[in-house]
Structure formats: structure tokens, C-alpha cells
Amino acid sequence: MSAPAPQPHNRSRKQLEEEDEADPVDEMISRTGCTSFHYAVQECMAEHQDWRRCQDQVQDFRNCMQDYQKRRMEELKRKGPQTAS
């Protein structure tokens, strides 16, 4: 006996709702302002299936994330230490 064939179009409402929930990684990246670079890496990987051919996109994303981290650190330094009241 063989296992029943999967029915990809027969999804429950719960499955569809779970798929519609936002991805925490996507949310985190969107706060950095680097979303377009992240998508460029994903698109390159989907097209080439070889990360070595996507090094320009990876480097652009890395640079964007490093710039974000620098801005974030400067922002935290400007706020100074938080004092407890």
C-alpha cells in the first residue's frame, strides 16, 4: 500500500492564517532599511542556486547592515545611559 498523495490545494483556514503571519526575520530586516538588498540576495540565490555567484548582492546587503548597525550604535550613544527613577 502506498501513502495517500498530498493535496496541496486542500488547505485548512488555520494553515492559510499561519502562512499570512509576518515572518519575524522579514520584520527585523525591514526595520534596518535593507529590505531591497535582502530581496536581491534571495532573488539571486533563486536564480543561480549558487551563493558564490551572488557575492555582489551579499556584499551590498552586508554593507547596508553594517551601516545600520553604526547608525544604531550612534543613536544609542546619543541617548546615553538610562537612569532608573
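This is a predicted model: local features need pLDDT of at least 70, side-chain atom pairs count only at pLDDT 80 or more; totals for chains, interfaces and linings use all residues.

Q: Where do Cys34 and Cys64 lie in the chain?
A: Cys34 is in the loop between α2 and α3, while Cys64 is in helix α4. The two are 30 residues apart, and the pair links distant parts of the chain.

Q: Are Cys34 and Cys64 buried or exposed?
A: Cys34 is buried, and Cys64 is buried as well.

Q: And what about handedness: is the link of Cys34 and Cys64 left-handed or right-handed?
A: The link is left-handed, with -90° about the S-S bond.

Q: How many disulfides are there in total?
A: The count comes to two disulfides.

Q: What does the pair of Cys44 and Cys54 tie together?
A: Cys44 lies in helix α3 and Cys54 in the loop between α3 and α4, so this pair ties together parts that are ten residues apart in sequence. Both Cys44 and Cys54 are buried. The link between Cys44 and Cys54 is left-handed, with -95° about the S-S bond.

Q: If I number the bonded cysteines in sequence order, what is the pairing?
A: The pairing is 1-4, 2-3.

Q: Let's zoom out. How many helices and strands does the chain have?
A: It has four helices and zero strands. Starting at the N terminus, the elements run α-α-α-α.

Q: What share of the residues is buried?
A: Of the 85 residues in the chain, 12% count as buried. The chain exposes about 7800 Å², and carbon and sulfur atoms supply 51% of that area.

Q: Which residues make up the largest nonpolar core?
A: That core has five residues: Ile29, Cys34, Val41, Phe61 and Cys64. As a bit of background, nonpolar side chains in soluble globular proteins tend to be buried together.

Q: What does Cys64 touch?
A: Leaving out residues up to four places away in sequence, Cys64 touches Gly33, Cys34 and Phe37.

Q: Okay, new topic: α3. How many residues does it have?
A: Helix α3 covers residues 35-48, which is 14 residues. From its first C-alpha to its last it reaches 20 Å, close to the 20 Å expected at 1.5 Å a residue.

Q: Which residues of α3 are buried?
A: The buried residues of α3 are His38, Val41 and Cys44. Looking down the axis of α3, they fall within an arc of 125°, so they line one face of the helix.

Q: Why would residues spaced like that point the same way?
A: An α-helix has 3.6 residues a turn, so residues three or four places apart point the same way.

Q: What do the buried residues of α3 pack against?
A: They pack against α2 (24-32) and α4 (55-79). On the face of α3 turned away from its buried side, you'll find the exposed residues Ser36, Glu43, Ala46 and Glu47.

Q: How about Gln42: why is it called partly exposed?
A: Gln42 also has its place in helix α3. Its relative accessibility is 39%, so it falls in the partly exposed class.

Q: What follows α3?
A: That's Gln49, which has a positive phi, near 55°. Most residues other than glycine have a negative phi. Gln49 sits in the loop between α3 and α4, and at 63% relative accessibility it counts as exposed.

Q: Last one: how many residues does α4 have, and what follows it?
A: α4 has 25 residues and reaches 36 Å from its first C-alpha to its last, close to the 36 Å expected at 1.5 Å a residue. Gly80 comes after α4, and its phi is positive, near 75°.

Conventions
Residues are numbered from 1 along each chain as its sequence is written. Side-chain values use heavy atoms; hydrogens and water are left out. A nonpolar core is a set of buried Ala, Val, Leu, Ile, Met, Phe, Trp, Tyr and Cys residues joined through side-chain atoms within 4.5 Å. Buried means under 20% relative accessible area, exposed over 50%, partly exposed in between (1.4 Å probe, protein chains only). Contact means heavy atoms within 4.5 Å. The expected span of a helix is 1.5 Å times one less than its number of residues. The arc is that of the directions from the helix axis to the C-beta atoms. Accessible areas come from the Shrake-Rupley method with a 1.4 Å probe; for residues, only the protein chains shown count as cover. A disulfide is a pair of cysteine sulfur atoms within 2.5 Å.
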